[in-house]
Amino acid sequence: MSQYHPLTEAEAIETARSIQEVFPTGEELVCREIGDGNLNLVFHITQPATGRSLIIKQALPYAKVVGESWPLSLDRARIESEALVKQGELAPGLTPRVYKTDTELALTVMEDLSDHVIMRRGLIDGGVYPLFAEHISEFMARTLFFTSDLGLNQQEKKRLVQSFINPDLCKITEDLIFEDPYFDADTNSIEDPIRDAAEAIWQNEALLLEVAYLREKFLTRAQALLHGDLHTGSIFITPESTKVIDPEFAYFGPIGFDVGAVIANLLLNYASQEHWSGEDASRRDRRVYLLNTIRDIWTQFEEKFRRLWNEHGVDRVSRAAGYQDDYMRRLLQDTIGFAGAKTVRRVYGLAHVADIDTIPDAAARERAQRMALAIGTGLIMRNRQAESIEDVIRIAKQASGD
Ligand SMILES: Nc1ncnc2c1ncn2[C@@H]1O[C@H](COP(=O)(O)OP(=O)(O)O)[C@@H](O)[C@H]1O
Ligand SMILES: CSC[C@H]1O[C@H](OP(=O)(O)O)[C@H](O)[C@@H]1O
């Protein structure tokens with residue numbers, strides 16, 4: 001019989017106490033549930049006498065944001081734990097340490113990153129992260145290259161694919177990113193002032209066709225082991241350090257989906273700069289910073305991915321002249337298309353972003369929402385023709401008038 005049940009705070013403390021490397025001494029432990037995400041419980045356990053601490057993340061058998069009417073497999077906790085470990089091996093220093101995994105209880109015990117800030121919060125508060133592009137491009141290049149057929153023996157890759165079959169969480173993405181925003185679905189959450197913009201999207205046949213192509217790639221393209229939900233709420237950051245958390249959506253999919261997720265969430269913050277009143281120079285400065293970061297992420301990701309390919313490629317056939325250039329061009333195009341789809345869903349789909357939702361002034365919030373939709377749809381429409389990351393910069397600038 002299954003042992004699974006949601007932990008009480010007392011049980012979380014008992015579990016934490018068993019992690020001797022964090023709590024070698026017996027002083028009192030204190031527990032607080034701090035989960036602010038859409039899906040899981042997160043317990044923060046501290047030892048006031050020593051200042052030591054850790055995190056226990058536990059999956060619920062349903063989506064917390066919706067309730068028990070939306071059941072979800074507990075296997076996602078195993079997938080999250082295994083992905084964290086794998087990504088930690090491939091990209092050392094860029095993930096939290098995993099102390100323990102319990103698949104029965106669907107939990108992961110991991111390093112407490114409370115000395116970092118969730119990047120979405122950091123950006124909303126005006127934070128600047130000079131090493132972010134270097135770190136996230138390293139994380140993506142290494143985790144994606146070494147789990148692709150370019151960097152991993154094809155038989156081994158297929159065995160790894162088996163461990164990361166993630167139907168429930170993929171279904172969330174398929175519905176919330178590629179389907180529901182493109183018709184009048186019950187799950188959408190559309191503020192009245194922008195309903196016309198959503199309706200225009202539902203009528204735009206050319207756009208719907210591009211979304212169908214993107215969705216097909218998400219459904220069928222087992223290119224590499226993705227993080228699967230690489231938004232700024234899944235990144236802990238300081239000016240010196242970056243840690244990627246929450247890979248429960250991990251599965252083998254198209255590489256551009258991860259790269260596009262990072263770019264989309266920087267663009268959502270770009271649109272949210274409408275919160276500044278009047279012609280504030282801070283708005284322009286923030287936007288320049290965000291676009292420079294996007295450019296740096298792509299440029300460094302491409303450079304690192306190509307270097308890994310040239311130095312560690314395991315696939316003779318992929319050395320054919322012209323193949324690498326064509327692969328990287330298609331990867332950029334996927335990145336741009338997925339960035340567009342991930343931007344649109346966060347404006348009026350089921351789960352929005354605080355960057356825009358917390359703008360108190362209704363007119364500024366509406367401007368930000370419309371701008372994000374203009375950028376998102378612009379990227380989706382451009383994706384298969386895109387030639388350079390400058391296409392993204394141009395579309396963002398056009399939408400903001402900067
Ligand atoms: N390793 C960690 N260290 C400190 N806080 C964490 C850690 N992991 C998660 N949290 C906190 O819990 C919140 C939700 O975690 P997350 O993994 O995003 O859950 P969900 O899967 O429900 O979205 C984070 O926003 C953060 O505040
Ligand atoms: C019903 S899940 C909605 C949304 O939430 C997930 O994000 P997170 O777990 O980081 O809160 C994911 O982006 C899903 O699309």
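Student: Hi! Which strand does E6 (residues 98-102) join, and over how many bridges?
Tutor: Hello! In this predicted model, strand E6 is joined to E7 by four bridges, and the two run antiparallel.

Student: Which residue stands opposite Lys 100 there?
Tutor: That would be Val 109 in E7.

Student: What about the hairpin of E6 and E7, how many residues are between the strands?
Tutor: Four residues lie between them, and Ala 106 takes a positive phi near 55° in this hairpin.

Student: And E3, in which sense does that strand pair with E7?
Tutor: Strand E3, residues 52-59, pairs with E7 in the antiparallel sense, over five bridges. One of the residues involved is Lys 57, whose bridge partner in E7 is Thr 108.

Student: Why is E7 largely enclosed by the rest of the structure?
Tutor: Strand E7 covers residues 107-111, and four of these five residues are buried, so the strand is largely enclosed.

Student: OK, switching to helices. At what angle do H11 and H13 pack?
Tutor: The angle is about 150°, and the axes are 7 Å apart. Helix H11 is residues 323-348 and helix H13 is residues 362-382. Angles over 145 degrees count as roughly antiparallel, and H11 and H13 are therefore described that way.

Student: Left-handed or right-handed crossing?
Tutor: Left-handed for H11 and H13.

Student: Which residues make that contact?
Tutor: From H11 they include Ile 336, Gly 337, Ala 339, Gly 340 and Val 344, and from H13 they include Ala 372, Leu 373, Gly 376 and Ile 380. By class, the contact of H11 with H13 has ten nonpolar residues, six polar ones and no charged ones.

Student: Now H9 and H11, how do their axes cross?
Tutor: Helix H9, residues 255-272, crosses H11 at roughly 45°, and their axes come within 7 Å. H9 and H11 are therefore oblique to each other.

Student: And is that crossing left-handed or right-handed?
Tutor: H9 passes H11 in a right-handed crossing.

Student: Which residues meet there?
Tutor: On the H9 side, Phe 257, Val 259, Gly 260, Ile 263 and Leu 268 are among them, while the H11 side includes Tyr 327, Leu 331, Asp 334, Phe 338, Lys 342 and Arg 346.

Student: How many charged residues does the contact of H9 with H11 have?
Tutor: Three, along with twelve nonpolar and four polar residues.

Student: Which H11 residues turn up in both contacts?
Tutor: Ala 339, Thr 343 and Val 347 of H11 are listed in the contact with H13, and Ala 339, Thr 343 and Val 347 also meet H9.

How values were computed. Residues are numbered from 1 along each chain as its sequence is written. Chains are lettered from A and ligands numbered from 1 in the order in which they are written. This is a predicted model: local features need pLDDT of at least 70, side-chain atom pairs count only at pLDDT 80 or more; totals for chains, interfaces and linings use all residues. Side-chain values use heavy atoms; hydrogens and water are left out. Axes are lines fitted to C-alpha atoms, for helices over the stretch in contact, and angles run from 0 to 180 degrees between N-to-C directions. Angles under 35 degrees count as roughly parallel, over 145 as roughly antiparallel, 65 to 115 as roughly perpendicular and the rest as oblique. A crossing is left-handed if the near helix is turned anticlockwise from the far one by less than a right angle, and right-handed if clockwise. Contact means heavy atoms within 4.5 Å. Ala, Val, Leu, Ile, Met, Phe, Trp, Tyr, Cys and Pro count as nonpolar, Asp, Glu, Lys and Arg as charged, and the others, Gly among them, as polar. Buried means under 20% relative accessible area, exposed over 50%, partly exposed in between (1.4 Å probe, protein chains only). Two strands pair if DSSP finds at least two bridges between them.
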